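Reader: I am new to this structure. Could you walk me through the terms as they come up?

Author: Gladly; let us look together.

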Amino acid sequence: MNPSNVFQLEMISMLNTKRRLLLRTGMTLVLGLPFVLIELPMRVRAAGVLFLVLITGFFGAAVAMTRRKSDGRWKEFELLPVRLTEILGDFTLAGAVMDLLQLAPILALLFVYHGTIQGMNMLETAAFLCGTLVALNALGMLLGWMLQTNAEVHLAGALGVGCIAVGSGLVPLPVEVAGIVASMESWNPVSGLVRSLEACLGGSVDSGSGWGAALVPALFAAWVLSRALNRPHLR
Amino acid sequence: MKFAVEAHDVFRCYAPDRGICGVSLSVPCGECFALLGRNGSGKSTWVRLLTAQERPDKGFLSVLGSTPKRRERAFVSRLGVVMDNSIHWEELSGFQNAYFCARVRNVPVGDIPSRLGILFEKAGLADRAEDPVSTYSYGMRRKLSFIKALVHDPEVLVLDEPTAGLDDAFLLELNRILRNRYNLGRTSLICGTDADWIGSVASSAAFMEKGCIVAEGSMNALLAGVSGYQQMNVVLRNWIRVPVPGIRGIRSARQEGTTVHVVLEDGPEWIPRALEWFTSIGACIRRVEVRAPGLRDAFLLKTGYVLDYESE
C-alpha cells in the first residue's frame, strides 16, 4: 500500500515493522497480565489498566513527537504542502489507533476473565476509551512538541502521567484535593473511563448514557475510515 | 523580467559573523543559479530563508513573486527542495516515501508510477525501490531526496550541497536533469562548495563569504576575472627546492612536495618557456597538466584564500 496522507504514512510506517509491533503489543500484554491474573480489588485492577492506557497514550505520543523533531521528520513536513491541522490530526488519530491495537489484547482478557458482558457498559467503555486515547495522544504530542531531547521528554512524560493519574482520581488523595478532582470528573475522559471500567468489572448496570455512548466510537471509526480510505484534500 | 528570487538587504544573523548579513540578489526565472561559498559562509541559512523554514530578521525577500511563508501550501507546492541532510520514513520503502511526496504535491495518481519509475531508473535505484529506506546507503538516501524533490517538476528546485555523497554517474545524470530544466525555463537554485561541478552546470553564480555576496554575475562575467591566466601543474621526478621564478609569463609558483602549481599568463607560448626554466634549474619533469582557470579559481581569487594570483 502506498500512503496518500499523513495518517496512512504513519500507519504503514508503524505496521511495516513487525518486530516493533510485536514488541509494543507484547510489552503491553506483559505489563497488563498481572492485573488480569492476580487476585486484586476491582478498583486496583481498573487503575492498573488505566496506567497502561496513560503510558501508551500520553507518554508514547510525547516520545514519538520529540523523536520526530530530533530526527528531522517534523522539519521535513515544513517542506511539504500539508496543513498543520491535518498533520497534527493524522498523528493523533494514528497514535490512538495504534494504542487501541496495543491495548486490545489486555482489555479483551480483562473482560473475558473479570467483566460482565453488559451491552451498555461495554459501549460506554469503548466511548471513553476512544475519547481518552485521542485526548491523551493530543496532549502527549503537545508536550513532545515543547521539548527538545529524549531525556527531557522521558522525564516530563513520566511526570505528566503522574499528574493525569492524580487529576483523574486514580490514586488516593487528601480530602481537599479529592474535592477539586471530583469537580473535574464530569469532563475528564480518563475519569469516565475509570468509572465505566469499574462498572464493567463490578457488574453494575449501565450508568444511563444509553445509546448516546455509541456516538463516540462511531465518530472515531468514521474518522479512521475517512483517513484510511480518502485521498488528501488538496487545493 | 520576472524574477524567481529577489532579495534586498536581507539579514538573518545568529551571532556576529554567523548567518546572512545584508544579501541583495536577483535571480531571473529560468536561470540555473549557484551560490558558492565555504563551509559556514551562510549558504544553508540562505536555503532555509528561501524555503520559508526561517524568516529574515530584516530586509525584503521574494520567491516566485511572494514572500516565503512557512507551511503556505500554495508556496511550498511550487518548490522542490533537497536539503543537505536526507530525511525519510525509514520503515517505508523508497517508492512509498516518494509516492507520499507525489500525492501531497498533487501529482495525478495515474502519473505517479511512471514518473517515479523514470526517476528511480535515472537514479539507479530501480531495483531497490521496494526496499525499506533503513537498508539504503547514505548516497542512496541522497538520491531518494532528489527523486522526492523532482517528482512534481517544481517551478523552483532548491539544492543544498547537491554533490555530497553522490556517485559520478548520478552527478552526470543530475547535470542532464538541470540542463533540461534550464532549457525548459525552470529555475534551479544550487548552494554548494563543489565549484567544479557547479561550474559545469550553472548559468550564473554568486560567491558568498561570511554571510555576504562578494561577487555575482553570469559564468562568463565571473570567469573574466581569471581568464587572463592558465594553470600549469608540474610533477617532478624527485624533490628539489624550486626558487621563485624570475621570468616573464610566470605569475606565481607554489610548491607542494614534488608538485609545483604554476600560474601562467594566457597563451601557448608561455608553456615551453616555463618548462625550459624548470629544466634550467635542474628539475626532472615527470608530468605536466595545463588547464584553463575555472569557477573554483575565480571563487578562490574573489574570496582571497589562495594567493597564487597575487603573490607575484
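Author: Let us begin with contact: two residues are in contact if their C-beta atoms, placed from the backbone, lie within 7 Å. By that rule, the contact takes 22 residues from chain B and 23 residues from chain A. This is a predicted model, where local features need pLDDT of at least 70 and side-chain atom pairs pLDDT 80 or more, while totals for chains, interfaces and linings use all residues. Residues are numbered from 1 along each chain as its sequence is written, and chains are lettered from A and ligands numbered from 1 in the order in which they are written.

Reader: Which element gives the largest share of the side of chain B that touches chain A?

Author: That is H3(B), with 6 residues. Helices here are DSSP runs of H or I with at least four residues, and strands are runs of E with at least two, numbered from the N terminus. By class, this side of chain B has 10 nonpolar, 6 polar and 6 charged residues. Nonpolar covers Ala, Val, Leu, Ile, Met, Phe, Trp, Tyr, Cys and Pro; charged covers Asp, Glu, Lys and Arg; the others, Gly among them, are polar.

Reader: How many helices and strands does chain A have?

Author: Chain A has 10 helices and 0 strands.

Reader: How do you know what radius of gyration a compact globule with 235 residues would have?

Author: The rule is 2.2 Å times the number of residues to the power 0.38, and the radius is taken over C-alpha atoms. For 235 residues this gives a value near 18 Å; chain A has 18 Å, so the two agree.

Reader: What span should helix H10 of chain A have?

Author: The expected span is 1.5 Å times one less than the number of residues. The 15 residues of H10(A), residues 215-229, should therefore span 21 Å, and the end C-alpha atoms are 21 Å apart, which agrees.

Reader: Which residues in H10(A) are buried?

Author: A residue is buried if 20 or more other C-beta atoms lie within 10 Å of its own, exposed if 12 or fewer, and partly exposed in between. Val216(A), Phe220(A) and Arg227(A) are buried.

Reader: Why are they said to be on the same side of H10(A)?

Author: They cover an arc of only 40 degrees around the axis, which puts them on the same side of H10(A). The arc is that of the directions from the helix axis to the C-beta atoms. On the other side of H10(A), the exposed residues include Leu215(A), Ala221(A) and Leu229(A). Across chain A, 41% of the 235 residues count as buried.
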